[in-house]
Structure formats: C-alpha cells, structure tokens
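Dear colleague,

I am handing over the structure below, and after it you will find my notes on what turned up when I went through it. Please read them with the model open beside you.

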Amino acid sequence: MSSNVSSHIDPIEGDFHLTNYQKTHDNFSWEDAKKLLSYGKTGKLNAAYETIDRHVDEGYGEKIALHYVDENGTKSLTFREVKAETDKYAQILKENGVKKGDRVFVFLPKTAECYIAILSVIKVGAIAGPLFEAFMEDAIKDRINDCTGSLLITDHELVKRVPQADIPSLETILYVEDIAKEDRTGNHGNELVEWVDPEDGLIIHYTSGSTGKPKGVLHAHRSTVHHIVTGKWVLDIHDEDVYWCTSHPGWVTGSVYGLFAPWLNRATIVIQGGRFKAENWYQLMEDLKVTIWYSAPTAFRMLMSQGDLHEKYDLSSLRHVLSVGEPLNPEVITWAHKKLQVRIHDTWWMTETGGHLIVNLPSEKIKPGSMGRAFPGIEVGILNANGEKLPAGEVGQLAVKAPWPGLMKEIWGNEDKFKSYFIYEGWYISGDLAYQDEEGHVFFQGRSDDMINSAGERIGPFEVESKLIEHPAVAEAGVVGKPDEVRGEIVKAFITLRPGFLASDNLKEEIRLFVRKNLSAHAAPREIEIVEDLPKTKISGKILRRQLKALEVEKQAVKS
Ligand code: 6R9
C-alpha cells in the first residue's frame, strides 16, 4: 500500500530562539545521563532519590518544585519540602511493612499528595501503581488483583469505589487525610532510600490492547536515563522554566512527562486539579507564567473551538508547546502558530516504550501532519508483513530497533503478550501503521488492531464489550472507535438485545450509565446502536469489529 497523504501545509521552520537553548543540551547522551545519577557512580539508583532528593543534596532545596492550583488558589512547595513529605510517607509505608518489589497502588485526584505518594512508594523500593482518578470499581479491582497489590494510598472519598472484599491481596489502605494529620518531621538524609538495580521494578501502568483485560506494563528504574535525556532534549527544560503537563499520573504521560522527566531536570512543575475549562487553562498559564506546556490534541482542538478567547490572556511566557497521544491535525498546528505564536511539537511514544521515540526537536523544522523524526540514537523502521524494511512513502508497521533505556521490562504475569511485541528479530512492533518520507519524518496512518483512541486515551474494545454484556438487556456487543472531530474517536457500541427487551432511548442511556458506573467514564460508549445481528467471522464466530468500524466511517463520508 502506498500513501497518498502528504502534508498540504508548508513546514514551519525551527525556532532559532530555541536553538540557542538547545545548544546547551547538545551531546548530552544516555551515558552522560547515567553520570549525573547515582547510577553512574555506584551502579545503583533510586528514581525517587534522583527526581527530588538529589536536588536538595546538590544545593537546590529552596527552589520551588511545584505549584498546586485548584479553586482555592495556589500552594507551592520547595524541593526540600517535597523531599520531607516523601520521607514522611516513606516512613509510614515502611511501618506498614512495605518491602522492595511490593506493588503499592495510588488512587488519588491530581493533587500534590498524588505525586508525593507515588515517589514515596518508589523511594522504599516498591513498585508504584498509579490509578486514574476516574476509574470505577471493576477497573480498580482488575488492576490491583492482576499484580496482587498489597497496599493502597487513597482518600476518604475515592475509597468508596474500592471493592475491598473482592481484592484479597490488599492488606492495608492508607488515607492522605490521616497522613496529613501525623506530625513528624521528615528530614531524613538518605536513610529511607532503597538503592536498587537498574533492572528493578519502578512503576506499573495498565493499558489496553484489542483483546483481553488491560495489561500491566512494568517499567524499571533504568528508564530514568530515558526520562532525563528526553526531558532535556525534547521538553527543553532549563532551570528557569515553569512546566505544565496536563495529564494525570495514572496515564503514562502524567507519570513520565508530568513527574519524572521535569523533576529529574529540576523544573518547577504545575499540578492542576479539576477538569478542562478553556478560561481556567489560559488563566493558569498567565498567572504562573508557564513556559513549557505539554498537552494533547483534544485539548488544543477544544481551545481552538473557543475562537479568540486567547486574546484576553497574556500568554507571552509560553516558549515551548508539545503534544502527544493521538494524531495532531495540521490545522491545529497552523492555528497555534498564527494565534498563539507557538509551534506545537508533536511527540510519539507509548506506555510500553516508556519515553519519547519520535519527536520534533525544538530547533528543527516541523512538517504539519508528521509526528516528527526518530529521537537521536533511536532507529525507526516501517516494516512489511515479513518484517522487512519498506522504502520511503510506503505504509507499513511502525517498528523501533530494541532495546532503549525506557523500554518496558515486562508485561506483568504475561510473557506471551510481552513476546508478541518482538515477533521480528530485533524490532519492537508498535501496532501503529505509518510511513516515513525521504527525510525520515513519520506520518501516522492508524492502528493495525482494534484499539480505540478517544481524546488520547487508549481504550480496549474487549473491556467495554465485556462490561456491556453484564447488563441484563445486552445479548452481544461490538465496540469500535467512531471518528470524531474533537476527540479523534469516540467509543461506539453496537449491541443486540436479549429476548423480552425493547429498544428505547431510555434503555440505551441506562446501559451507557451502567458502563460508566462500573468501568469508567472515559470508556463508556458515547453512542449505542441497537442492531438485529452483529457481523461475525464464519468459522470462529468472532465479532467483526473492523466491519462495524468501516460502516461508521462510510456513514460519515456520506454525511460530509
Ligand atoms: C504516550 C501515549 C499509545 C498510542 C500509540 C498511538 C497513539 C501516541 C501519538 C499517537 C498519533 C501521536 N499515539 N502518540 N498517535 N500521533 N503523536 O499516548 O501512550 O496511551 O500507550 O498510547 O497512542 O496509536 O500506539 P499510550
């Protein structure tokens, strides 16, 4: 298959203001990063130490580490204060018997405590399992059960969604409200730090594929090297920066580029609670003088739909903007360039890759429609079905030469799944389809499986289908991503009804709320269509999601 898609918009030249900045990072390699960390000195490291405590030891304790913003205003903490808090949490974890390698989950809204809790788990050598704040009972149960989590840090509100009786491994629940009341000073030097090997477990993120329940992608402490280097080169972090990543640490973007990468580079980060609201976002950037901003196409499209709202705000502090998670429309890049006077730098990576692999470096030209080029030291290949490299312009499987420092360590308890990413000798297969042009720019063309990407969030159709058929009215379900202007895709469910149930809007709404209540808001179908039959394969009777999806795409083509 040859591509006929090429960008109809002229490239935007590199930002030479940024080039000067970037010069200071040139030649900073994976090896140089190791030398900055205790890794290079002792062979051991601890990502929590490197992220926060190291800066205190190096004399930056009084620098602001975070601004936490909510409806009550802004609260700021220095690196010394964040260290003291993680020490306090770490002490409590140890008193509760947490040991190296234990899985400890954190289920909190986007607050300073959420970041502190994650770091404290890592500090004592345990594996952090951050959970997205919108998860409901089944999503939480499945994840903690899968890797037998023994302890959970949450609050008195969210705990109502934790079905404790169904999670036998969960021995202890700690509440941030109670920890806050404990009066202990947290200046502990380094004695709470568990020094670990680069291959030891750091964090586990659950992510969806097209079949089965979400998989636990386990990352190792060695990823720190990937985080610090891409934080410098791609995020372009410098000491004076105020950095804002809008993602919750329950998603890999929120942990790697919301917490690790900026703090490894000693940035002041912004943590904002609450949902998307254009006015609040612009106001926050003006008030805190945000200089680097990492968000997602859906958010940019929502801002773009607000017309000239941005004119009411002073956004002149912004110097570097990045995007991730879903295709970034050329129109959005042009809008931001004209109206906000910034270039949006797309980045491509996945939960499994642990860090950026395809990027638009600040000093290079951007081709709207392309995700960028391979990060220095990374080899990208577009492969055919035999695992052979295709020439420029041909669409194939987007693959990356393995390994690299941030690559996942394993899929929890599922070696077959892990191996399925490496079916061609030496390559990691992403599941995305793409082509590369003569200059190496990579153009995303879709997924090769049925995974849904709604507003940058990965949703596995199987998980939603399984939940749908738990509803008494639903006989069978096929779930697909329906193209959508703002969200990229929305979750659309085709269902057949059990005998005795009549199709109605009320029933559809009830079924939608059933998924929302038991699984999560983002996975609940925005559209449900009741059909007589679902298309199936003749031999095995599998539901043909591809056919359902083709129908949706056709319907939309007719409309437009
Ligand atoms: C970090 C993250 C990974 C999937 C990936 C691809 C899609 C990510 C993209 C993009 C187009 C980009 N994706 N970045 N699609 N342009 N710049 O998103 O991880 O949640 O695991 O999703 O997201 O399909 O395979 P994750």
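**Between the two domains**

Across the interface of domain 1 and domain 2, the rule finds three salt bridges, a salt bridge being a side-chain nitrogen of Lys or Arg within 4 Å of a carboxyl oxygen of Asp or Glu. This is a predicted model, in which local features need pLDDT of at least 70 and side-chain atom pairs count only at pLDDT 80 or more, whereas totals for chains, interfaces and linings use all residues. Residues are numbered from 1 along each chain as its sequence is written, and side-chain values use heavy atoms, with hydrogens and water left out.

The domain assignment of the protein chain gives domain 1 as 21-436 and domain 2 as 452-559, with bounds that come from an automatic or database domain assignment. The contact between them takes 25 residues from domain 1 and 24 residues from domain 2, where contact means heavy atoms within 4.5 Å. Taken over C-alpha atoms, the centres of domain 1 and domain 2 are separated by 30 Å. About 1,800 Å² is buried between domain 1 and domain 2, and carbon and sulfur atoms give 49% of that area; buried area here is the accessible area (1.4 Å probe) that two parts lose on being put together, summed over both.

Arg143 and Glu463 meet through their side chains in a salt bridge, at 3.8 Å from N to O. Between domain 1 and domain 2 the count is 11 residue pairs in polar contact, both residues being at pLDDT 80 or more; a polar contact is a pair of N or O atoms within 3.5 Å, and within protein one must be able to donate a hydrogen and the other to accept it, while residues adjacent in sequence count only if both atoms are side-chain atoms. On the side of domain 1 that touches domain 2, the elements that give two or more residues are helix H7 (137-146) and helix H12 (297-304), helices (H or I, at least four residues) and strands (E, at least two) being DSSP runs numbered from the N terminus. The largest share of that side, four residues, comes from H7.

**The annotated C-terminal span**

UniProt, in an unreviewed entry, lists residues 463-538 as "domain: AMP-binding enzyme C-terminal"; its positions are given in the numbering used here, feature names are shortened, and annotations may be inferred rather than shown by experiment. The end C-alpha atoms of residues 463-538 lie 23 Å apart, and the span is 26% helix and 33% strand.

**Other places to look**

A search of the whole structure finds 52 salt bridges.

Ala402 and Pro403 are joined by a cis peptide bond with omega of about -5°, and Pro403 has its place in the loop between strand S17 (396-401) and strand S18 (410-411). Thr148, in the loop between H7 and strand S5 (151-154), has phi near 45°, a positive value in a residue other than glycine.

With regards
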